[in-house]
Amino acid sequence: MHLDFLSIFVIYLHNACFWECSCRASDFNLDGDYLIGGLFPVHYAGHSGQQRRPVAINCDEKPFFLTGYHLLQVMRFAVEEINNLTSLLPNVSLGYQLFDHCSSTYNVPSSLQFFSSHKDSIKVWEDYNCYLPKVIGFTGPLSSSQSESLAPIFMMDLIPMISYGASSSIFSDKKLYPSFLRTVPSNKDQIELIIRIIKHFGWNWVAFIGMTSTYSQDGFQLFYDLIQNAGICLAYNELLTDTSQLSTTFKTIDMLNIKVIVLFVGELKAMEVIRLAIQHQFRNKVWIAGEAWSMYQPLTKQKGIETIGTIIGVTPRVANLPGFSNFIHRSRMGGNCTSCHSGADLSDEAVCNQDCEACSSPSAEDIINEGNAYSFSVYSAVYVMAMALHNALQCNHSGCNTSRTVYPYTILREIRCLPMFSLNQMNVHFDENGDPPAHYSVLFWNTADHPVKIQPIGTYDNQPVNLSIDDRLVHWHGDGLVPFSNCSAECKPGYVRQQEGQHQCCFTCLECPSNQYANHTADLYSCLTCGTYEWSDAGSTSCQKRSVEFLYFSDVTSILILLSTSFLMLLCVGVAVLFAVHRSTPVVRSAGGSMCFLMLGCLAAASISIFFYFGEPSAFTCVFRNTPFNFFYTVCLSCLFVRSLQIIVIFKMASHLPKAHALWVKYSGHWLSVAGVSFVQLILCGITIAVAGPIPEYDILSFKDQVVLICSSKSFVPLGFAVALMCSVSGVCFLLAYMGKDLPKNYNEAKAISFCILMSFLSWTVFVQAFMLSRTKYVQLIRAVVELSCLYGIMFSYFIPKTFIIVFQPGKNTQEYFQASIQSYTQTISRM
């Protein structure tokens with residue numbers, strides 16, 4: 001039913017809209033074997049509000065739009081060029097039927113002409129597979145809004161609709177627009193380029209101004225979605241309507257301190273916005289022009305445009321059209337109104353929106369210089385349909401198979417199968433969504449020149465993605481530097497952002513503390529923690545490796561201590577051999593007899609611990625750092641304790657406690673005492689190893705730039721008992737030595753024992769102080785020296801003097817000498 005109504009409606013409008021052809025009516029029609037339709041905005045009717053019913057208007061009465069007329073001429077030129085080629089469509093002529101699409105609201109009747117048959121009627125068909133409309137396809141219209149209103153009609157019959165200017169991303173949906181293709185990149189590519197330009201110049205505080213059109217609304221939604229993860233904040237946005245107050249818009253943008261404005265509107269709306277910006281003295285901004293107005297020549301002649309700031313635009317890559325200038329000159333000289341009417345009754349061919357009295361007013365130079373971003377898009381759209389027709393007719397060098405019936409869906413299929421081809425050094429092809437590759441030019445409006453010159457400063461391709469901008473070609477307004485359009489100044493290295501308010505671009509900067517660093521690539525808002533074996537100062541941008549510190553065998557101090565330890569062990573062996581040879585002499589017997597060998601063995605065994613302080617610690621070396629020294633040194637001290645006690649008992653207590661002395665002698669009390677102390681210490685050392693054995697540990701707290709390898713115990717309680725026992729034995733030894741200070745000098749080891757015990761106390765005091773003040777690896781070196789000094793103290797204070805007597809004073813190593821010393825001591829005591 002609706003198609004019957006449309007048929008009657010079109011026929012009625014066809015008769016009602018008949019005008020006498022003007023001089024330029026022939027621009028809209030060209031007979032041919034196959035027709036291509038075209039919709040171009042030769043006039044601009046604007047928006048007249050909501051209508052109750054479709055109304056056909058006379059576009060010729062509306063303001064003339066030179067840009068649209070230029071595009072119409074490009075299509076005429078492309079068809080003529082194709083018809084002159086013998087290789088593309090031999091023996092086949094291509095024609096066109098063009099309409100002035102001055103308003104998407106009023107132009108439905110003229111668009112329906114494409115559906116009509118060659119008899120200018122639209123019929124209802126049961127099967128549209130065999131339906132042959134007047135055209136095999138058409139190109140246009142210019143805007144996304146116009147395309148959105150017309151596309152659903154053409155999609156029903158799969159008539160190829162190749163738009164040269166509709167960039168809205170909605171047309172990429174092939175479920176809704178199966179026969180829609182375009183030779184201009186989609187808004188998605190354009191918005192991605194604009195975002196890359198913003199990031200290229202370091203801006204993140206921008207405004208977006210559009211209008212309530214499909215083109216602008218789609219661009220705004222894409223812009224809003226894509227900047228979410230791009231580090232760009234939309235400080236202000238507005239979609240302009242007929243009632244919008246631009247003065248308020250300008251004041252708000254100034255108040256928010258926004259320097260960059262994306263103006264994503266049509267060329268006529270852009271003219272209005274820029275004119276008002278000049279009037280309101282809205283100055284010193286960066287305007288990013290969408291492809292719709294980035295090459296709009298009338299705007300370059302606007303007085304005062306140099307005051308608004310810097311204009312940077314994006315446009316599909318402009319390709320030259322060789323021969324187009326000659327075509328325009330030849331066309332403009334091709335007759336006048338008289339010749340136009342004398343040739344044929346052209347009024348029979350004129351239909352709605354194919355009349356243009358103003359078309360004769362612009363000169364050839366005006367038309368040629370109006371060149372814009374969509375020229376090549378129109379040119380390539382015509383060539384795409386011609387090549388599809390070439391394949392559909394199975395053309396070759398001998399001609400085309402004109403006996404084949406070419407349906408619109410056949411052309412659509414062939415278009416989709418077209419391989420990439422080069423046209424005027426530009427690659428042309430469509431992806432699965434009917435979109436072409438994005439090849440853009442980045443433009444700079446040089447307002448310092450009069451008239452304003454639009455200069456290319458960069459290029460952009462999306463396959464692969466590549467943006468190249470020559471910053472030297474941009475002459476910034478003001479001081480010549482890139483304008484600052486950021487909510488907050490970028491944080492210095494070593495600082496991170498702390499967001500303020502709802503916008504992520506508004507922040508304060510905080511310095512990262514020590515052992516943390518700022519990596520703006522990884523995280524703009526958080527300081528990253530250095531690894532366990534890394535360090536950093538406050539305000540750092542990276543971490544440095546910590547040096548792992550322990551006592552190396554190759555260090556000079558380590559070598560000296562190891563040599564000293566080895567010498568001590570050799571000294572113990574040498575003294576033991578000497579004592580063994582002279583074991584029956586008084587000196588050896590007074591030193592403890594066979595107990596001397598136990599003491600010398602313990603000194604040598606305790607020295608083993610010192611070797612394990614060097615090299616990288618392990619569980620095994622940590623145990624052997626402490627245990628051998630704690631045990632064998634305690635045994636040695638117990639021998640000194642027993643030796644001191646034994647002398648005190650003999651000289652001072654034997655007469656007073658004869659029974660105790662007898663029991664001591666009978667049951668070898670000195671050996672039992674040593675065995676008892678040794679057994680207790682052995683148990684304590686075993687418990688220490690089993691319960692809280694020392695293990696290697698990385699000290700990462702003491703130094704920021706070092707990791708000190710130490711041996712640490714889980715609990716110090718068992719080790720504390722073992723150390724307490726060792727300290728107790730040392731203390732008792734010192735007391736007994738003090739009690740025996742007046743004994744005969746041959747039996748008096750008081751000085752020797754006092755000296756070695758005091759040396760031990762002083763050494764360990766130094767170690768404790770060093771441990772409390774520092775945690776370097778040299779604390780372990782000090783401990784090794786302390787242990788070595790304790791062992792050397794016993795050796796040089798107790799054994800070396802006796803060795804000296806045996807070797808160098810053998811006269812004192814006799815029974816007579818010792819008896820004389822005892823008698824002298826007895827006489828001295830009796831006098832007291």
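**Salt bridges and helix packing in the predicted model**

E192 has a relative accessible area of 23% and is therefore classed as partly exposed. The model in which this value was computed is a predicted one. The side chain of E192 takes part in a salt bridge with K188, with 2.7 Å between the closest N and O atoms. K188 is likewise partly exposed, at a relative accessible area of 39%. Both residues belong to helix 5 (residues 187–200), where a spacing of 4 residues places K188 and E192 about one helical turn apart. An α-helix has 3.6 residues a turn, so residues three or four places apart point the same way.

A second pair is found in helix 8 (residues 267–279), where K269 and E272 lie 3 residues apart, about one turn of the helix. The closest N and O atoms of the salt bridge between K269 and E272 are separated by 3.3 Å. The two partners fall into separate accessibility classes: K269 is buried because its relative accessibility of 13% is under the 20% limit, whereas E272, at 33%, counts as partly exposed.

In total, 12 salt bridges are counted in the model. One of them joins R330 to E80, with an N to O distance of 2.4 Å. This pair connects distant parts of the chain, since R330 is located in helix 10 (residues 324–332) and E80 in helix 2, 250 residues apart. R330 is partly exposed, with a relative accessibility of 45%, and E80 is also partly exposed, with a relative accessible area of 30%.

Helix 2 (residues 66–84) meets helix 13 (residues 375–392) at an angle of about 35°, and the two axes are 9 Å apart. The crossing of helix 2 and helix 13 is right-handed. On the side of helix 2 the contact is formed by H70, L71, V74, M75, F77, A78, V79, E81 and I82, and on the side of helix 13 by S375, V378, Y379, V382, Y383 and A386. Sorted by class, the residues of this contact comprise 12 nonpolar, 2 polar and 1 charged.

I415 is situated in helix 14 (residues 408–417). With a relative accessibility of 1%, I415 is counted as buried, because this value is under 20%. Beyond its neighbours within four places in sequence, the contacts of I415 are with P160, I162, L181, V384, M385, A388 and F430. For A388, the C-alpha to C-alpha distance to I415 is 5.3 Å, although the two residues are 27 residues apart in sequence.

The last element considered is helix 15 (residues 556–581), which consists of 26 residues. At 1.5 Å a residue, helix 15 should span 38 Å, and the distance of 37 Å between its end C-alpha atoms agrees with this expectation. The buried residues of helix 15 are S558, I561, L562, T565, L568, L571, C572, V575, A576, L578 and F579. Among the elements that cover these buried residues are helix 16 (586–591), helix 17 (594–611) and helix 23 (778–808).

How values were computed
Residues numbered from 1 in each chain as written. Predicted model: local features only at pLDDT ≥ 70, side-chain atom pairs only at ≥ 80, totals over all residues. Heavy atoms only, no water. Axes fitted to C-alpha atoms, helices over the stretch in contact; angles between N-to-C directions. Helix = DSSP H or I, 4+ residues; strand = E, 2+ residues; numbered from the N terminus. Left-handed = near helix turned anticlockwise from the far one by under 90°. Contact = heavy atoms within 4.5 Å. Nonpolar A, V, L, I, M, F, W, Y, C, P; charged D, E, K, R; others polar. Salt bridge = Lys/Arg side-chain N within 4 Å of Asp/Glu carboxyl O. Buried < 20%, exposed > 50% of the residue type's maximum accessible area, 1.4 Å probe, protein only. Expected span 1.5 Å × (residues − 1).
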